Amino acid sequence: MVIYWIACYLIGTILTAWWVGKWRGTDLRRERSGNLGARNAGAVLGKTAFFITFIGDASKAALAVSLGRYLEFGPWAVAFGGFAVVAGHLFPFWLRGRGGKGIAAFIGASLIVAPQLFLVMAIGFAAALLLIRSATLAMLAGFTAFSAFMIWFGEFPAAWPLLAAMALILWKHVPDIKESFHNRFGRT
C-alpha cells in the first residue's frame, strides 16, 4: 500500500502545465504567477492551454485513485492516494516544491473517491459563483459544502484524507483568497 501512495505522489508530480508550456516554448514558472496550473497556463497561453492543463491534471488524479480501487485497496487507502496525488501536484520534488495549486487534481481525486461529495462541492461552487462572481471565493464555498456535508452526515469517513488535501490547497491559495476578498468586498 505504501508503494501505491508513493506512486500516487509521483503521478501527481507530472505537471500538465509544465508540458504544455514546453510544447508552446514558454516556461510558465517565469510568467505571471509562476504557478504550474491551469489558471496560469490559461492566462499566459490561452483557453486551449487552460483546458488541456485542467483535463490533464484532473485525469492524472482520477487515474491514480482509480488504480487504488483496481488494486482493491480500502476506501481510506484510496482516499489517501488522492491526498498523495494532490501533494505531488503541489510539491513536485523535481521542481523544488513549486508546482500547481491543486484544484484540478483535487477535482479528479474527489470525483472518484466520493462522487456524492464532489456533486455537493460543485453545487456549492456554482451557487457561490453566481452570487459573488469570484472563482477563488466560490472555491471556498465549494470546499465548505464538501466538508460540511461530509462531517454533518458522517457517511464518508474514508474521505478524511481529502480534507487534508483541501487544507494544503487552501494554504497555497491564501494570497489569491486575500486578493479576491479585497477585490470583491473592499479593504477593511
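This is a predicted model: local features need pLDDT of at least 70, side-chain atom pairs count only at pLDDT 80 or more; totals for chains, interfaces and linings use all residues.

Residues are numbered from 1 along each chain as its sequence is written, and side-chain values use heavy atoms, with hydrogens and water left out.

**Salt bridges**

- The structure has three salt bridges (a side-chain nitrogen of Lys or Arg within 4 Å of a carboxyl oxygen of Asp or Glu).
- Asp27, Arg29 and Arg30 are tied together in a network of salt bridges.
- In the bridge between Arg29 and Asp27, the closest N and O atoms are 2.9 Å apart, and for Asp27 and Arg30 the N to O figure is 3.4 Å.
- Arg30 is exposed, with a relative accessible area of 68%, whereas Arg29 is partly exposed at 30% and Asp27 is partly exposed at 24%. (Buried means under 20% relative accessible area, exposed over 50%, and partly exposed in between, using a 1.4 Å probe and protein chains only.)
- Lys60 and Asp57 also form a salt bridge, with their closest N and O atoms 3.5 Å apart.
- Both partners are buried: Lys60 has 8% relative accessibility and Asp57 has 1%.
- Lys60 and Asp57 sit three residues apart in helix H4, so about one helical turn separates them. (Helices are DSSP runs of H or I with at least four residues, numbered from the N terminus.)
- An α-helix has 3.6 residues a turn, so residues three or four places apart point the same way.

**Helix H6 and its cover**

- Which residues of helix H6 (residues 103-113) are buried? They are Ala104, Ala105, Phe106, Gly108, Ala109, Ser110 and Val113.
- Their cover includes helices H4 (47-70), H5 (75-90), H7 (115-132), H8 (135-153) and H9.

**Helices H9 and H10**

- H9 (residues 160-172) packs against H10 (residues 174-185) at an angle of about 60°, and their axes are 4 Å apart. (Axes are lines fitted to C-alpha atoms, for helices over the stretch in contact, and angles run from 0 to 180 degrees between N-to-C directions.)
- Leu170, Trp171 and Lys172 of H9 make the contact with Val174, Pro175 and Ile177 of H10 (heavy atoms within 4.5 Å).

Key:
Helices (H or I, at least four residues) and strands (E, at least two) are DSSP runs, numbered from the N terminus.
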